Amino acid sequence: MANSHTPHPQNRRLYFEQRLRQRQQELEQALASTVAQALAANPDDTRDVADQAVAGYQKELLFSQGAVRNAQLRLVRQALDRLAEGTFGECVRCDQSIGAKRIEALPWTPYCIHCQEQIENGDVEPSASVA
Ligand SMILES: [Zn+2]
């Protein structure tokens, strides 16, 4: 990542909107190809039991990848909503502003680092608004 350019505050919204839209597009394309692969890996098409097992496993793997991408896509869409509402960059749980480095690295994150850590530790439930 050679690009350490810091956007001008007035361009900040546009900058993150572009990054989020790009991410949204990437995820939508990845999701579409995952779905296509999952459909192609149909175990019924193979007669061999071992092939069926492999195809079944691949299908499961593809569906779980699809689920992960779907969840990411939802986060990206919610971040775009927050951008439109003017609450982008604030933690949805504690309303504190999310650190500049964190939001730069993960523009779609709904949480500040403290809330993220608490959620990952299982100390608190994720906010209902992003569940
Ligand atoms: Zn927080």
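From the N terminus on, the elements of the protein chain run α-α-α-α. The secondary structure comes to four helices and zero strands. Here helices (H or I, at least four residues) and strands (E, at least two) are DSSP runs, numbered from the N terminus. The model is predicted: local features need pLDDT of at least 70, side-chain atom pairs count only at pLDDT 80 or more, and totals for chains, interfaces and linings use all residues. Residues are numbered from 1 along each chain as its sequence is written.

Buried residues make up 15% of the 131 residues in the protein chain. A residue is buried if 20 or more other C-beta atoms lie within 10 Å of its own, exposed if 12 or fewer, and partly exposed in between; the C-beta atoms are placed from the backbone. Contacts were also computed. Two residues are in contact if their C-beta atoms, placed from the backbone, lie within 7 Å. Of the contacts with a separation of 6 or more, 55% are between residues 24 or more positions apart.

Helix α2 covers residues 49–85, which is 37 residues. The expected span of a helix is 1.5 Å times one less than its number of residues. The buried residues of α2 are Arg-69, Val-76 and Ala-79. Just after α2, Gly-86 takes a positive phi of about 85°.

Ala-67 lies in helix α2. It counts as exposed because it has 12 C-beta neighbours inside 10 Å. Ala-67 and Leu-31 are 36 residues apart in sequence, yet their C-alpha atoms are 8.8 Å apart. Ala-32 lies in helix α1. With 12 C-beta neighbours inside 10 Å, Ala-32 also counts as exposed. Its C-alpha atom is separated by 8.7 Å from that of Gly-66, 34 residues away along the chain.

The largest nonpolar core has seven residues: Phe-16, Leu-20, Leu-27, Val-76, Ala-79, Phe-88 and Trp-108. A nonpolar core is a set of buried Ala, Val, Leu, Ile, Met, Phe, Trp, Tyr and Cys residues joined through C-beta atoms within 7 Å. Helices α1 (9–40) and α2 each supply at least two residues of this core. The most come from α1, with three residues. Leaving aside neighbours within four places in sequence, Ala-79 is in contact with Leu-20, Phe-88, Pro-107 and Trp-108. A second, separate core has six residues, including Ile-98, Tyr-111, Cys-112 and Cys-115.

Asp-95 is found in the loop between α2 and α3 (100–105). It has a positive phi of about 65° although it is not a glycine. Asp-95 is exposed, because 9 other C-beta atoms lie within 10 Å. Pro-110 is found in the loop between α3 and α4 (113–120). This proline is buried, because 21 other C-beta atoms lie within 10 Å.
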